Amino acid sequence: MGLIASMTGYGRAEARGARLAVVVEARSLNHRFLEVGVKLPRGFAVHEAELRQVAQSRLARGRVDISVAPRRIAGSASVVRTDSALGAEYLRGARALADALALPLSLTLVDLLRLPGVLTVEEAEEDDGESGLLVKEAAQQAIDDLVRMRLAEGAALAADLAAHLDALETWAADLARRLPAALQRTQERWRARVRALLDDVPIEPARIAQEAATAAAKSDVAEELARIASHTAQFRALLTAGGPIGRQLDFVVQELHREVNTIAAKADDTELIAGTLEARALIERLREQVQNVE
């Protein structure tokens, strides 16, 4: 059986340089198409396109969120910045409040420095390209990690899908074995209805037999069972081939659902109709699991 992947997973990797360490995390969830979201810190926006390309080169479907967290290695340069204008605004506001409440102003410089945005520590800008190399390295490793998890979950999905498919094929084979007897019961019920309606009115037995056979033919679901066999074979072939097959599997499941509904509508036999409940439950399990396949 070929490898299939789930659309859910997580990957994390860290790349270290002389002055900088970069941690990249990648998370993915179910999505109809491939959608990549990137969260970058200040100064790293230039790397967004490359991060998207790394994800797009390895993944076919899913909502993928990539985040980058850089940190300076001990001993590397940092820049301390003060926002004097913001500090002055804080002071003016404090004075106005103190005057309005007739209270003494006890605000100190230390108090001002503790207010948000007045004092910040920023990492010094580096122009040697180290950040770009580290972001790419960590991103590739994080996506590798994500892919491994998606494949591991995909293996479990494939086994579960194959088990439900086995059960559906067993159901269809059992229904095919019971179909001749069901059609015979349909003819017998039709004959009984005609006799009850006509009562003592004479009618040729051959005509009754012909009409009964016609009624049974309208309830014959052999063609639907043949199409179900074709669809399950196609489903199994896709599982064997592997790869990004989620959309194809979803289409096949829709066709299986359509055929079972047709059987329930055509079958003029309580046993056959009751049996479709089992098939619908199996197809619903297939449908739920297929939504997770890449």
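Predicted model: local features only at pLDDT ≥ 70, side-chain atom pairs only at ≥ 80, totals over all residues.
Residues are numbered from 1 along each chain as its sequence is written, and side-chain values use heavy atoms, with hydrogens and water left out.

The buried set of H8 consists of Leu272, Gly275, Thr276, Ala279, Leu282, Ile283, Leu286 and Val290. Looking down the helix axis, these buried residues fall within an arc of 130°, so they line one face of H8; the arc is taken from the directions from the axis to the C-beta atoms. Helices (H or I, at least four residues) and strands (E, at least two) are DSSP runs, numbered from the N terminus. H8 covers residues 270–290, and its 21 residues, at 1.5 Å a residue, should span 30 Å; the end C-alpha atoms sit 31 Å apart, which agrees. That expected span is 1.5 Å times one less than the number of residues.

The term covers a side-chain nitrogen of Lys or Arg within 4 Å of a carboxyl oxygen of Asp or Glu. Glu284 and Arg287 are three residues apart in H8, so about one helical turn separates them. Glu284 is partly exposed at 31% relative accessibility, and Arg287 is partly exposed at 35%.

Over the whole structure, a search turns up 20 salt bridges. One of them pairs Glu169 with Arg236, with the closest N and O atoms 2.6 Å apart. This pair links distant parts of the chain, with Glu169 in helix H4 (residues 130–198) and Arg236 in helix H6 (residues 222–241), 67 residues apart. Glu169 is partly exposed at 28% relative accessible area, and Arg236 is partly exposed at 27%. Helix H7 (residues 246–266) holds both Arg258 and Glu255, three residues apart, or about one turn. Their side chains form a salt bridge at 2.9 Å, N to O. Glu255 is buried, at 16%, whereas Arg258 counts as partly exposed, at 46%. Elsewhere, Glu223, Glu224, Arg227 and Glu259 are tied together in a network of salt bridges.

Turning to the strands, E1 (residues 9–16) has a covered face made of Gly9, Gly11, Ala13 and Ala15, and an uncovered one with Tyr10, Arg12, Glu14 and Arg16. E1 pairs with strand E2 (residues 20–29) in the antiparallel sense over eight bridges; pairing calls for at least two DSSP bridges between two strands. Glu14 stands opposite Val23 of E2, and a hairpin of three residues joins E1 to E2.

A nonpolar surface patch of about 470 Å² is built from Val80, Leu109, Leu113, Leu119 and Val121. Patch members have over 30% relative accessible area and no salt bridge, with like charges joined within 9 Å and nonpolar side chains (Val, Leu, Ile, Met, Phe, Trp, Tyr) within 5 Å. Helix H3 (109–114) and strand E6 (119–123) each supply at least two residues of the patch. Val80 belongs to strand E5 (residues 78–82) and is exposed at 57%. In the loop between helix H2 (84–101) and H3 lies Ala102, whose phi is near 55°, a positive value in a residue other than glycine. Ala102 is exposed, at 69%.

Definitions and conventions. Areas by Shrake-Rupley, 256 points an atom, 1.4 Å probe, with all protein chains shown as cover. Buried < 20%, exposed > 50% of the residue type's maximum accessible area, 1.4 Å probe, protein only.
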